[in-house]
Amino acid sequence: MEYKSWGRTGLKLSHISLGTMAFGRWIDEQHSAAIIDAALEGGINLIDTADVYGKGMDNGNLRQTGESEQIIGRALKGKRHDVILATKVKNPVGTGINDKGLSRYHIFRALEKSLQRLQTDYIDIYQVHGFDHETPLDETLRALDDLVREGKVRYIACSNFAAWQLAKAHGLSALHGFSRFEGIQSEYSLITRDIEREIVPFVQSEKVGVMAYSPLGRGILAGKYKQDVPPPPDSRLAAGEKRLELLLNKRSAYDVVEAIRPLATQRGWSLAQYALAFVLSQPAITTAIVGASKLEQLQEALHLVQSGEYRLSEQELHELLLLTDK
Ligand SMILES: NC(=O)c1ccc[n+]([C@@H]2O[C@H](COP(=O)([O-])OP(=O)(O)OC[C@H]3O[C@@H](n4cnc5c(N)ncnc54)[C@H](OP(=O)(O)O)[C@@H]3O)[C@@H](O)[C@H]2O)c1
């Protein structure tokens, strides 16, 4: 396993990391725990979760949030200190008016609950799940900085921010002497290349770490969906994941799958491995967060990175740009 420095920090992250959005939502505790064990055995050192991950994301029952954190907390008993744990705050975790957002009030309460569910007294990377247009950014940053100073949080990061929002946050952190967002977590794959325009140049200039989420386009790039054919019954599309449906509606999604099929065959890789290799070949990406719902899926990703030879050439990347930039 290769480890990369996360932005300008001294923290090293495994080139692939474990996403846990499926835990307690689409897969049960036993399968989730087996995936965690295999990930750690395979050299993965970062586990990404969020306070909202759980069944509530599909059925709208906000009492069913936090199941992923609970499962991780139980699975990591005795090994908490061997793992870098990242979680998130902002999305609604209850029906109360203040059960969401990035106010000082909600952040402090949400962190305590995440710590309880994860059975730990610190979070390594605490991420804001998106930009909160209703809370002044300096209120959020001061609250996060206080948590860092208290020792409850090691580093702070953001997710789903535009480059200007991250730049504004960095400016405020510098002005007030707050901890700054050392990383960003953004969607990035062969079918969601938006970050290449503004985020990538920004993070390269400011030495910000990048966690790429949904590197397989939520499973689309593994080639499991066919136009006008019902999805496999054990897939996320069959489970009704809304964001996946939206992605699949992008005109180019199926075309990209067909375009990379011969390239993956040439390499002797599965489609999923090829899609992952594309993300890992980008110098700006610190780690790709792999979202396996089955042990074999994680093992496929691990085999790729453990082979040590998984970066695409400049020529291949250039050709992919032409193929996917529609
Ligand atoms: N910050 C945010 O807003 C945000 C948003 C989304 C995700 N995330 C994070 O990123 C993580 C990864 O996201 P993601 O789950 O969407 O990532 P992904 O890697 O794009 O998709 C994972 C899905 O792809 C399919 N898959 C994976 N390997 C496969 C293989 N070898 N063969 C066939 N199918 C395969 C599985 O679908 P099936 O389950 O259908 O088999 C799996 O659930 C999440 O767990 C979460 O931690 C963050």
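**Ligand and helices**

Guide: An oxygen atom of the ligand lies 2.7 Å from a polar side-chain atom of lysine 224, where a polar contact is a pair of N or O atoms within 3.5 Å. The protein covers 94% of the ligand's own 910 Å² of accessible area, by the Shrake-Rupley method with a 1.4 Å probe. This is a predicted model: local features need pLDDT of at least 70, side-chain atom pairs count only at pLDDT 80 or more, and totals for chains, interfaces and linings use all residues. Residues are numbered from 1 along each chain as its sequence is written, and side-chain values use heavy atoms, leaving out hydrogens and water.

Visitor: What lies 3.0 Å from a nitrogen atom of the ligand?

Guide: That is a polar side-chain atom of glutamine 185. An N or O atom in the side chain of serine 159 is 2.8 Å from a nitrogen atom of the ligand.

Visitor: Which residues come nearest to the ligand?

Guide: Asp48, Ser214, Lys224, Arg236 and Ser293 do, of the 29 residues around the ligand, each having a heavy atom within 4 Å of it.

Visitor: Now the helices: which residues of H6 meet H7?

Guide: Ala163, Leu166, Ala167 and His170 in H6 meet Ile199, Phe202 and Glu206 in H7, with contact meaning heavy atoms within 4.5 Å. Helices are DSSP runs (H or I, at least four residues), numbered from the N terminus.

Methods: Helices (H or I, at least four residues) and strands (E, at least two) are DSSP runs, numbered from the N terminus. A polar contact is a pair of N or O atoms within 3.5 Å; within protein, one must be able to donate a hydrogen and the other to accept it, and residues adjacent in sequence count only if both atoms are side-chain atoms.
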